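This report walks through a few regions of one protein chain, element by element. Please keep the sequence and the structure at hand while reading.

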Amino acid sequence: LPLLSSLRIKIDLSRSKNLTTQKPHLLSLSLHKNTSLPYEKKKMSSVYPPLIGSRETPSMETPSLSLTPSPVILTQDDLKKIAAYKAVEFVESGMVLGLGTGSTARHAVDRIADLIHQGKLKDIIGIPTSKITHEQALSLGIPLSDLDTHPMVDLAIDGADEVDPRLNLVKGRGGSLLREKMIEGACKRFVVIVDDSKLVDYVGGSGLAMPVEVVPFCWNFTLRRLKGLFKDSGCAAKLRRVGGDDAGEPFVTDNGNYIVDLYFQRDIGDLKVASDAMLRITGVVEHGMFIDMATTVIVAGKYTCCFCMCQYGVD
């Protein structure tokens, strides 16, 4: 952690809302240790910027820095905490906050509570994205409300299961995708916090589940329709069950629904087309693709680096 505080990479990515096919551009790279690199606008040479300590570090003239001889290798939970704490720096007194769900977002909720108790944050109102987060925030003394009372959310902080190069997300492997999408879709700014294992070339690229929330009635019928929708992508579909056991009871969401997990062998193509097709299936409540929703993604890497990927819409 000391290395993180003394050396941080910040990378800003800009994209017009109207140019959805435009790839992100690397706008700036700066080292914050009383030194800075010359500003240079250029296209990214790879899908994601390499991390400090990586063999793929870009070749550019950099100031000489005296670092510790051996890099500190952090655990995955350490990386999640680094990203979460960085995200909380966006929080200001008087904000209405969307409180995310999951192992990474849990650290952000803990940090917000700490700052409230220290008197550094005041007049904060939290809107939890799940029953689990509601219980956590309540136990920590964070004042809570809902979208009915506060339909406009200033900032939401949450984790993600996948992040693609255009900051589209897969979320909901924890089963809270519907409430997450409702709250995070109502916020002015949505900050996503992940470790670098969540970066993928395309949505579904991890080979892990892309969840779809469905009504329990005739769930198998809905499952077969979802699977057939993506047959060209080698889709497998499976009802999520408690404990991951095929003989277990179906997993039930906070809304009383089931989850069908989709697994893709290949890119599913246009995400908005795929989204519309899924939502047209009667029985589908919501899916776990969060398209064009994230405004900032904070990524913590294994070599104690942290970088931000940001999107700013152009009116």
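## A histidine in helix α3

His107 is found in helix α3, which spans residues 103–117, and this is a predicted model, as is everything described below. Because the relative accessibility of His107 is 6%, and buried residues are those under 20%, His107 counts as buried. Leaving aside residues up to four places away in sequence, the contacts of His107 are Asp77, Lys80, Lys81, Ala84 and Tyr85.

## The largest nonpolar core

Helix α3 is also among the elements that give two or more residues to the largest nonpolar core, a core of 30 residues. Within that core, the residues touching the most other members are Val91, Leu97, Ile112, Ile142, Ile157, Ile193 and Ile298. Besides α3, the elements contributing two or more residues are helix α2 (76–88) and the strands β5 (96–99), β7 (153–159), β10 (187–195), β16 (296–300) and β17 (306–310).

An open sheet is formed by 3 strands in the order β8-β9-β15, with antiparallel pairing. Its edge strands are β8 and β15 (289–290), each of which pairs on one side only. Between β8 and β9, which run antiparallel, there are 2 bridges, and Glu162 stands opposite Val170 of β9.

Asn168 sits in the loop that lies between β8 (162–163) and β9 (169–170). Not counting residues up to four places away in sequence, Asn168 touches Glu162 and Val163, together with Val203, Leu271, Phe290, Ile291 and Asp292.

## The buried side of helix α6

In helix α6, which runs over residues 219–229, the buried residues are Thr222, Leu223 and Leu226. These residues lie on the same side of α6, because they cover an arc of only 105° around the axis.

Which elements cover the buried residues of α6? The covering elements include the strands β11 (210–214), β12 (236–239), β13 (258–263) and β14 (284–287), as well as helix α7 (271–279).

Notes
Residues are numbered from 1 along each chain as its sequence is written. This is a predicted model: local features need pLDDT of at least 70, side-chain atom pairs count only at pLDDT 80 or more; totals for chains, interfaces and linings use all residues. Side-chain values use heavy atoms; hydrogens and water are left out. Helices (H or I, at least four residues) and strands (E, at least two) are DSSP runs, numbered from the N terminus. Contact means heavy atoms within 4.5 Å. Two strands pair if DSSP finds at least two bridges between them. Buried means under 20% relative accessible area, exposed over 50%, partly exposed in between (1.4 Å probe, protein chains only). A nonpolar core is a set of buried Ala, Val, Leu, Ile, Met, Phe, Trp, Tyr and Cys residues joined through side-chain atoms within 4.5 Å. The arc is that of the directions from the helix axis to the C-beta atoms.
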